Amino acid sequence: MTKLFTTTALLIVMALPASAVQPAEGETLAESQTYTYWLLDAIKTLDPAKNTDVEGSDVLRQLFEGLLNEDGTGGMVPGAAESYDESEDRLTYTFTLRDARWSNGDPVTAGDFVYAWRRVVDPRTASEYAWFLELMNIRNATQIIAGQLPPDQLGVRAIDDKTLEVRLTAPTPFFLKTLAHATTYPVPQRVVEEHGDAWTQPGNLVGNGAFTLDSHTLGVDITLSRNPDYWDAANVVMQTVRGVTVNDNNVGLTRYLAGELDRVQIPAGQYPRLSQEHPDQAVSIPYACSYAYVFNVSDKGPAALKDVRVRQALSLGLNRDIIVNQVLQGGQKPAYSWTHWAIDGFQAPDAEIASMTQEERSDRARALLAEAGYGPDNPVSLTLQYNMDENHKKLAIAAQQFWKPLGVKITLNNVEWKVHTDRMQSQDFDMARYAWCADYNEASTFLDWFRTDGYNSGKWSNAEYDRLLADSKTAEDTAPLYKRAEEILAAEVPAAFVYHYAKVDMINPAIRGIPTRNVTNSWYAKDLYRLAE
Amino acid sequence: MLGYVIRRLAIAIPTLLLLIVLSFVLMHLAPGGPFTQERALPPQVLANLNAKYGLDDPLWRQIWNYVHGVVVHFDFGPSFVYPDRTVNQLIADGFPVTLTYGSLAFLAAVTVGVALGTLAAVRHNGWLDYLAVGVSIGAQVLPNFVMAPILVLVFTLWLRLLPGGGWSFSDPSFWIMPVVALSTSYMASIARITRSSMLEVLGSDHVRTARAKGMPEHRVVLHHALRPAMLPVISYLGPVFVSMITGSVVIDIYFSTGGIGKAFVDSALNRDYAVMMGITILVGALTILFNLLVDILYAWIDPKIRY
């Protein structure tokens, strides 16, 4: 271990108080401060190291607190850390923790973070999200996951109880934005070791978040209540938070309308009606996920898709306006870039395709196909694979119809989720539906996907693109690099981008403090309060 | 009779073993695994997971370890998808729920179904017959995945009488809609089987004799006709009972009961091997048990049957 960087030329101290949302003057609070929200499925785990899904993260965000939190617009604010230093070479971060306690009264220490992070990369934990610490570029994470180094070699250490030092392998512009992610939450070593896998059960679970776990019935509901020992408890108004599983979205809506839920997702296609009937309740919030049809350009893929003109024609022929306005109808936007339009600091290139009319696009598509030697007399035959889901099916049928007049014959291939994923990962497809959601609010979370060594199921590869992404890791200003990368995607069309997500929900207007301008949709129950009705 | 029961139980063991091996192999033949996901795991992470759950062993060894765990320790293993819980816990949490609403639905279906079927047969071609047949056809054609959301709409949204879903062992208002939605189509089938079987029995010689003796009609129906008429109903009920108490994916989905019906289907889709095996064994064992019970009931009802 090298000694701590003392030459911290770049001292960033966040002096801001954590911005808890407070009831405004003149608002009357409801007597019963409860918030009941809809869950599509059971919460699979409450272990931050093992959680992999969004609904799990939503609960963990209330039970635990990472070094930083997100505010209502997606900006980072202090959480368990009060302030931090960044070394000049941007490879070392030193966090100063605030005085805070676990829900069993123990102090929250830097050692708790060290223990938690080592546990994530420890092969014995077998965390499905161990890669997240690799993504954060924490020193030695990769080697520890691979079993080549012991977990105590991870680039994170407690200088004292209040000081946490994190060392990175490379400057990582988005590093701070990863620190509100559930995988980075501290866990209480004593409790984990005492109870083993059962440490997350009600009665055992100890957290450092604003809420504690009351009960958890798998597939039925989960109940949290305000933690009086939380460091900022004085500013927490909400008393009880309840997540209720309703596997059928339509029944969920019925139960919302019956007053059983305060928030529910609007089933596809119902937003226009509900926003007319309940304008104060139906909301559409940009949500950082993108939907695409990925082209398989690998050796196992069809010859036609190796021709960039065919890929361009397919992208041009897709009538995205119909898809978002007639099929989805929930405030989604047509996608002409892979990065979601609302991502922080992202400047989309001016895609020519975006400003064309659909007729112009189709004419161009026909011309491109003719150049490539295809047309109505010599149609391109391809399969479009998607996983079983009503919406994917609707979209695939629409795409099939859009491409048909261009002389493209599409066979739809509706398969079970695991089969879909398995085939995509083994390049056993022509075109496949895919969606990606941001891990953090920065464009590289999307763009890394198409790197030669990225997830990139279609195996597209471009040297300039790889170089841009590599450069972006150390660049002062990343925006032009990301913009150029998107230009390459627009020209090379490794996938036809279809639409950018929106989260379309019904929200009880009595519930205040739900962020509607954060594209990751991270919400904190400590910021919520309920008005008297 | 005792010898017969022992023989049947002895056959059950190799049957269950065969079931385990077949399910295990079929499950592993399906593409993908528990950790196949949209975001492909780095190979080393996947290797760590496979090592932790023993999925890197050859298949025969996995089967052996599994059977060994089940037989020696009654340990059905860890869930791959719910890492905080073991399969034993998942079944211990979910099975009492489906057992509760399933048994109640079974009782409701049998009581109402047999009564409707008997009435219809006794009043053959009368208005009661047409009504009973009409009701049971209606219940049959209205599948539970249509009925469930309608029930929620009517009793939760419009009338505000019942909770729209969830589960509580202490509050029966949570049970009502699952029981109604689950029992109706079974009730209809039971009514139809009872009616046709009853009609046949009512036309048989021993019934004619009973009537000729001047026995009152209700005695004829209840004492002489109903018992033999129940035979086809009972052979239908054995497997139905098992499938009702092990839950219905539709009921679990629409009413969020937390039962094992949905857990079973999810485990197959998620490739949660251990959960799927656990519930398969549970359903298999119960099926074997209740088929045996049905056979014993048969001998008790029909003295002509001897094993």
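What percentage of the contacts in chain B with a separation of 6 or more comes from residues 24 or more positions apart? The share is 72%, where two residues are in contact if their C-beta atoms, placed from the backbone, lie within 7 Å. The structure is a predicted model, in which local features need pLDDT of at least 70 and side-chain atom pairs count only at pLDDT 80 or more, while totals for chains, interfaces and linings use all residues. Residues are numbered from 1 along each chain as its sequence is written, and chains are lettered from A and ligands numbered from 1 in the order in which they are written.

**View 1. Chain B and its helices.**
Chain B has 12 helices and zero strands; helices (H or I, at least four residues) and strands (E, at least two) are DSSP runs, numbered from the N terminus. The C-alpha trace of chain B spans about 85 × 60 × 35 Å along its principal axes. Of its 307 residues, 39% count as buried. A residue is buried if 20 or more other C-beta atoms lie within 10 Å of its own, exposed if 12 or fewer, and partly exposed in between, with C-beta atoms placed from the backbone.

An unreviewed UniProt entry lists "transmembrane region" at residues 9-30, 99-122, 142-161, 173-191, 233-255 and 275-301 of chain B. UniProt positions are given in the numbering used here, feature names are shortened, and annotations may be inferred rather than shown by experiment. The span 142-161 of chain B is 75% helix and 0% strand, and its end C-alpha atoms lie 22 Å apart. For residues 275-301 of chain B, the figures are 100% helix and 0% strand, with the end C-alpha atoms 38 Å apart.

**View 2. The crossing of helix 6 and helix 7 in chain B.**
The axes of helix 6 (residues 144-158) and helix 7 (residues 176-202) of chain B come within 10 Å and cross at roughly 145°. Axes are lines fitted to C-alpha atoms, for helices over the stretch in contact, and angles run from 0 to 180 degrees between N-to-C directions. The crossing of these two helices of chain B is right-handed; a crossing is left-handed if the near helix is turned anticlockwise from the far one by less than a right angle, and right-handed if clockwise. Residues making the contact include Met147(B), Leu151(B) and Phe155(B) of helix 6, and Val180(B), Leu182(B) and Ser185(B) of helix 7. By class, the contact of helix 6 with helix 7 of chain B holds nine nonpolar, three polar and no charged residues. Here Ala, Val, Leu, Ile, Met, Phe, Trp, Tyr, Cys and Pro count as nonpolar, Asp, Glu, Lys and Arg as charged, and the others, Gly among them, as polar.

**View 3. Where chain B touches chain A.**
This contact takes 37 residues from chain B and 40 residues from chain A. On the side of chain B, helix 2 (43-52), helix 6, helix 10 (249-255) and helix 11 (260-270) each supply at least two residues. That side of chain B has 18 nonpolar, 11 polar and eight charged residues.

**View 4. An open sheet in chain A.**
Four strands of chain A form an open sheet in the order 4-5-7-6, with antiparallel pairing; two strands pair if DSSP finds at least two bridges between them. Strand 4 (81-86) and strand 6 of chain A stand at the edges, each with a single partner strand, so one side of each is left without a neighbour in the sheet. From one strand to the next, the twist averages 25°. Strand 4 of chain A pairs with strand 5 (residues 92-97) over five bridges, and Glu86(A) stands opposite Tyr93(A) in strand 5. Strand 6 (residues 156-160) and strand 7 (residues 163-167) of chain A pair over four bridges; a hairpin joins them through two residues. Arg157(A) has Glu165(A), in strand 7, as its bridge partner.

**View 5. Strands 8, 9 and 10 of chain A.**
Strand 8 (residues 211-217) and strand 9 (residues 221-226) of chain A pair in the antiparallel sense over six bridges. Their hairpin has three residues between the strands, and Gly219(A) takes a positive phi near 80°. Strand 9 of chain A is also joined by five bridges to strand 10 (residues 240-245), and the two run antiparallel. The bridge partner of Asp221(A) in strand 10 of chain A is Val244(A).
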